[in-house]
Amino acid sequence: MTDVLPARIKRDAADGARAILPLLISIMPFALIVGVVAVRLGYTPWMASAFSLFIFAGASQIAAMQLLVDGTPVAIILLTIVFINLRFTMYSASLAPWLRGASRLTKMLVGYTLTDQPYMLSLYAFEHRPERARRIAFFLGGALPLWAAWQTGTIVGALMGARLPADWGLDFAVPLTFIALLVPAIVDRAMLAAAIVGAVVATAAHGLPWNLGLMAGALAGIATGLTVERVLGRGGRP
């Protein structure tokens, strides 16, 4: 058994890498755009790369960079990041039972590399892997290549953005990216209502200082989604 387990762990890490590979195709364009947008906001390519290393969350990176440029207080920036990344608290709570007993360093590494794609893949893969070491191997086997692709895409995008003519209007890239992320996530009436109300409120409150309109839109969207879900039943599905 002791000779078999290391071989299984290696195989699980390879399985994780194979599972994440097709998803990297959708990650790279987003990473490139984040790098380009960072440079357009006035950051150097190396600062853009530092954002990716320390935050490692695309939507939060863009929001934080924009808010810093606008001179928003740090407390508001942190609160905005918390709102955007709120789902990761649920992801972490969901993974915790599978990782019980792992070292603190391992948990920190899993937490740092936790994104939507490795989480979704791991939910199904963990059920077929009784040993904790095998589950961790599968998760990191998928999460680390995604991390590397994101870091590479961001710095390449930033270097490209630094060479693009200043009069090339790329301001549409950020809202277009967020729309591309949002649309696939709308799978029921509650989410649709939350997205519509959140967009309307955020647009109407656009004039508020420190981009507080974004937070107002998020709160209105969350409240609407919860209300519709409660009225229509579980998930607000038709």
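Not counting residues up to four places away in sequence, P45 touches V39, I155, A158, L159 and A162, a contact being heavy atoms within 4.5 Å. The structure is a predicted model, in which local features need pLDDT of at least 70 and side-chain atom pairs count only at pLDDT 80 or more, while totals for chains, interfaces and linings use all residues. Residues are numbered from 1 along each chain as its sequence is written, and side-chain values use heavy atoms, with hydrogens and water left out.

P45 lies in helix 2; helices (H or I, at least four residues) are DSSP runs numbered from the N terminus. With a relative accessible area of 16%, P45 is buried, where buried means under 20% relative accessible area, exposed over 50% and partly exposed in between (1.4 Å probe, protein chains only). The C-alpha atoms of P45 and M160 are separated by 9.1 Å, although the two residues are 115 residues apart along the chain.

The loop between helix 2 (45–54) and helix 3 contains F56. F56 is not a glycine, yet has a positive phi of about 50 degrees. Most residues other than glycine have a negative phi. F56 counts as buried because its relative accessibility is 6%.

Helix 3 (residues 58–69) has twelve residues and should span 16 Å at 1.5 Å a residue; its end C-alpha atoms are 17 Å apart, which agrees. The expected span of a helix is 1.5 Å times one less than its number of residues. Nine of the twelve residues of helix 3 are buried, and the helix is mostly covered. The buried residues include G58, Q61, I62 and M65. Just after helix 3, G71 takes a positive phi of about 75 degrees.

The largest nonpolar core has 22 residues, of which V34, M65, L146 and W150 touch the most other members. Such a core is a set of buried Ala, Val, Leu, Ile, Met, Phe, Trp, Tyr and Cys residues joined through side-chain atoms within 4.5 Å. Helix 1 (4–40), helix 2, helix 3, helix 4 (74–84) and helix 8 (132–163) each give two or more residues to this core. The largest share, eight residues, comes from helix 1. Apart from its neighbours within four places in sequence, V34 is in contact with G58, Q61, I62, M65 and W150. A second, separate core of 13 residues includes F88, F139, L140 and A143.

F139 is also a partner of S122, which is in contact with F138 and F139 when neighbours within four places in sequence are left aside. S122 is found in helix 7 (residues 116–125) and is buried, with a relative accessible area of 1%.

On the surface, L53, F54, L109, Y112 and L144 form a nonpolar patch with about 480 Å² of accessible area together. Nonpolar patches are made of residues with over 30% relative accessible area and no salt bridge, their side chains (Val, Leu, Ile, Met, Phe, Trp, Tyr) being joined within 5 Å. Accessible areas come from the Shrake-Rupley method with a 1.4 Å probe, and for residues only the protein chains shown count as cover. Helix 2 and helix 6 (104–112) each supply at least two residues of the patch. Y112, in helix 6, counts as partly exposed at 31% relative accessibility.

Helix 11 (residues 212–232) has 21 residues and reaches 30 Å from its first C-alpha to its last, close to the 30 Å expected at 1.5 Å a residue. Its buried residues, among them G213, G217, A220 and T224, pack against helix 4 and helix 10 (189–204).

The structure holds six salt bridges, each a side-chain nitrogen of Lys or Arg within 4 Å of a carboxyl oxygen of Asp or Glu. In the salt bridge between R129 and D12, the closest N and O atoms are 2.7 Å apart. This pair links distant parts of the chain, with R129 in the loop between helix 7 and helix 8 and D12 in helix 1, 117 residues apart. R129 and D12 are both buried.

D15 forms a salt bridge with R18, with closest N and O atoms 2.5 Å apart. Both residues lie in helix 1, three residues apart, about one turn of the helix. D15 counts as partly exposed at 23% relative accessibility, whereas R18 counts as exposed at 53%. R134 and E131 form a salt bridge with closest N and O atoms 3.4 Å apart, and both are buried. Salt bridges that share partners join R8, D12, D15, R18, R129, E131 and R134 into one network.

Note on methods
Patch = residues over 30% accessible without salt bridge, like charges linked within 9 Å, V, L, I, M, F, W, Y side chains within 5 Å.
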